[in-house]
Structures are given as structure tokens and as C-alpha cells.
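Here are some short notes on the ligand and the pocket in this structure. Please read them with the view open.

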Amino acid sequence: MHSNVKLGKSNIRINPVGLGTNAVGGHNLYPNLDEGQGKALVHAALDAGINFLDTAFIYGIGRSEELIGEVLTARGDRDKVIIATKGAHQFVDGQVVMNNNPVFIREQLENSLKRLKTDYIDLYYLHYPDKETPKAEAVGALQKMREEGKIRAIGVSNFSAEQLKEADSDGYVDVVQDRYNLFQREAEVTLLPYTREHNISFIPFFPLASGLLAGKYSNATRFDDGDIRLKNPLFQGDAFKQNLEKVELLKSIAAEKGAEVAHLVLALCLKIPGVDAVIPGAKNPAQPVENLKALEVELSDSDIERILQAF
Ligand code: NAP
């Protein structure tokens with residue numbers, strides 16, 4: 001197993017290819033999800049050597065965490081798995097608002113522990129910033145929970161560079177999770193300069209651009225009603241067509257390497273300075289197992305340059 005990457009300043013080591021689980025019980029994000037399939041894909045990932053699971057309260061409003069808790073209980077190997085989860089979403093009168101208030105975050109964390117059937121969480125993220133809570137105060141509350149042994153590392157997600165600096169003013173942040181993929185590379189100039197300088201691991205979400213960079217969609221691909229990709233600008237009209245043409249370019253480079261496009265793309269993410277791990281999502285048990293092949297793709301500096309130029 002490749003547990004060779006350290007998360008920020010913590011002592012947690014992981015395989016750099018993890019598993020994103022927003023399609024494991026994430027019924028509010030994808031239609032027609034089968035929970036048995038979701039649990040099977042978590043089992044398959046862990047069996048194959050993945051040891052880093054990324055979930056959140058909002059994925060299925062607790063359901064993703066519950067299913068992961070069931071899988072880990074059945075396997076009896078909680079201590080071998082690094083669990084990352086996130087909180088901040090609060091339902092007020094049927095509407096979702098973000099809340100980083102220390103009292104609310106503690107309540108969220110306690111609920112996540114119950115759903116995951118565990119007494120500690122390895123990496124706990126503030127999923128989104130809120131408008132009111134001073135960022136350092138919210139992270140300070142997580143630091144207290146770390147001192148109590150309830151969490152082992154602290155993350156923030158969807159924070160701007162400015163918000164990150166404020167959140168990390170005491171140096172407690174270990175991981176930043178934000179959008180990054182070949183189509184959407186803003187983090188290279190916004191967040192990565194800070195995370196690299198302060199020994200914070202950067203973990204991209206949507207590394208495969210929600211499947212677009214896995215190389216199997218075409219102009220004929222249709223998504224079911226309720227699929228979040230129907231709202232994603234990368235998947236609309238002419239932009240979708242142009243993006244598919246770029247993916248075609250990747251296919252030839254992947255073929256030269258004897259790799260699939262998805263593995264080439266994940267390998268490239270791991271080569272971006274400051275990116276320590278990837279958490280591609282999956283809809284079936286074959287995908288996470290396949291995605292471990294990213295660790296075998298060798299990319300030279302000129303390969304990387306060619307790919308980045310094409311985008
Ligand atoms: P993603 O990783 O960019 O794309 C995953 C999708 O790509 C899969 O659901 C599957 O979709 C397809 N895929 C995966 N492996 C493949 C393979 N080997 N071959 C072909 N297709 C493959 O998008 P994501 O899952 O939305 O994001 C990754 C994770 O990041 C999430 O699971 C979640 O844990 C996290 N996330 C966090 C935030 C945040 O705010 N912090 C936001 C979004 C996501 P199909 O089979 O449908 O094509």
C-alpha cells in the first residue's frame with residue numbers, strides 16, 4: 001500500500017489516490033443512486049488499497065456518512081482508514097445556510113461521529129465559510145476538538161485565499177480542499193502559493209471535472225433529471241463541445257502512455273506542486289480500483305507542459 005503522503009503538519013499518512021463519496025448515498029446530488037452499489041464501491045476501494053475516504057454531512061444529508069459507517073463496522077478496520085468529513089450546512093426553515101459557529105460545528109461533529117460509528121474523525125473540514133464567524137475563531141474551535149482527541153487534522157474548503165489566511169492565522173490548518181482540474185485551474189494562482197508556503201496539503205475536488213475528464217462522454221451523452229452536471233457550465237452547449245475536443249487531445253497522450261484518460265488526468269493532478277492527494281468520485285466498484293492506476297503513470301516535465309498547453 002502507498003501510504004506515503006503526509007497531510008499538512010499532521011502525522012496522518014495516506015495513499016495519495018483516495019475516494020470521493022458524494023455518490024455514495026448522495027441522493028440530493030445524483031438521481032437513482034443504489035446504496036448497495038455505493039457500499040460495494042467503498043469496499044472495493046478499501047480492498048484495493050485506497051485508505052482515504054472523503055465524505056460530508058451534506059452528501060445525502062448524512063446518508064453518505066451512515067453508509068461509510070456501516071461499511072467500516074462490517075469490515076472492523078476503522079483504524080486502517082483515514083476518514084475526512086465536513087460540516088457547515090444548516091437547515092433553517094427548509095433553507096440551507098452556512099454556519100461555522102463553534103457551538104454549531106461541535107454539534108455537527110458529534111452527529112458525524114454517530115453516523116460514522118466512530119469516536120474520532122481523522123480530518124474535519126469547515127465545508128464552506130459563513131458570513132459571520134471570524135475564521136480564526138471557527139478554526140480555533142476545531143483546534144480545541146483536536147486537543148480533545150475528537151479530530152486529528154483540520155481542513156477548510158471553498159475558502160478564498162483571503163479567508164484562508166485569516167483561518168490559518170494560528171497555523172492550525174492542515175488541508176485545503178477546493179475545485180481544481182484541467183479546465184478550472186484558478187487555484188494555481190489563488191490558493192496554492194499560500195498552501196505550499198505554509199505546509200498545507202491541497203486536495204482538489206472535481207479532479208475529473210465530474211467525469212468529463214474521464215474520457216467517455218460524447219456529444220450524445222445525456223444526464224438524468226436531477227443530475228448536478230446539468231447545472232455545471234462545463235457541460236452546457238458549445239462549451240461542452242469544445243471541452244470534449246480537448247479531452248480528445250488527452251486520449252492520444254494517454255494512448256502513448258498505455259493509460260486511460262482518467263488515470264493520466266489524476267496523475268497530472270498529483271504532479272502539480274502542492275497537490276498531495278486526489279479524491280476522484282465513483283459510481284461503481286470498478287472505478288476506484290481503476291483509478292489507482294494513476295500511481296503507475298509516469299509523466300515527464302515535457303508531458304506535463306504538453307497537457308497544460310492543450311488546455
Ligand atoms: P470527479 O471526481 O471529478 O468525477 C467523478 C466521476 O467521474 C465519477 O462519479 C464517475 O462518473 C466518473 N469516473 C470516476 N472514475 C472513473 C473512471 N475510472 N473511468 C470513467 N469514469 C470515471 O467529481 P466528484 O466525484 O463530484 O468530486 C470528487 C469528490 O470531491 C467528491 O466525491 C467529493 O467527495 C468531493 N467534493 C467536494 C466538494 C467540496 O465542496 N469540498 C465539492 C464537490 C466534490 P460517471 O460514472 O457518472 O461518469
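1. The model is predicted. Sorted by class, the shell around the ligand holds 12 nonpolar, 12 polar and 6 charged residues. In total, 30 residues surround the ligand. The closest of them are Asp54, Ser210, Lys216, Tyr217 and Asn291.

2. Which helix gives the most residues to this shell? Helix α9, made of residues 286-291, does so, with 3 residues.

3. Lys216 has a side-chain N or O atom 2.5 Å from a ligand oxygen. For Ser210, a backbone N or O atom is 2.8 Å from an oxygen atom of the ligand. Leu208 also has a polar backbone atom placed 2.8 Å from a ligand oxygen.

4. How much of the ligand does the protein bury? Taken alone, the ligand exposes 900 Å², and the protein buries 91% of that area.

5. Where does the ligand sit? The ligand is found in the largest pocket. The space in the largest pocket comes to about 1,100 Å³.

6. The lining of the largest pocket consists of 44 residues. Nearest the centre of the pocket lie Asn22, Tyr30, Phe206, Ser210 and Ile228. Helix α9 gives the most, with 4 residues.

7. By class, the lining of the largest pocket has 20 nonpolar, 16 polar and 8 charged residues.

How values were computed:
Residues numbered from 1 in each chain as written. Predicted model: local features only at pLDDT ≥ 70, side-chain atom pairs only at ≥ 80, totals over all residues. Heavy atoms only, no water. Near = heavy atom within 4 Å. Polar contact = N/O pair within 3.5 Å; in protein donor to acceptor, adjacent residues only side chain to side chain. Areas by Shrake-Rupley, 256 points an atom, 1.4 Å probe, with all protein chains shown as cover. 1 Å grid on protein atoms, 1.4 Å probe; cavity = no way out; pocket = protein on both sides within 12 Å on 5 of 7 lines; lining within 4 Å. Sits in = over half its atoms within 2 Å of the grid points. Helix = DSSP H or I, 4+ residues; strand = E, 2+ residues; numbered from the N terminus. Nonpolar A, V, L, I, M, F, W, Y, C, P; charged D, E, K, R; others polar. Points joined across faces, edges and corners; volume = space filled by probe spheres on them.
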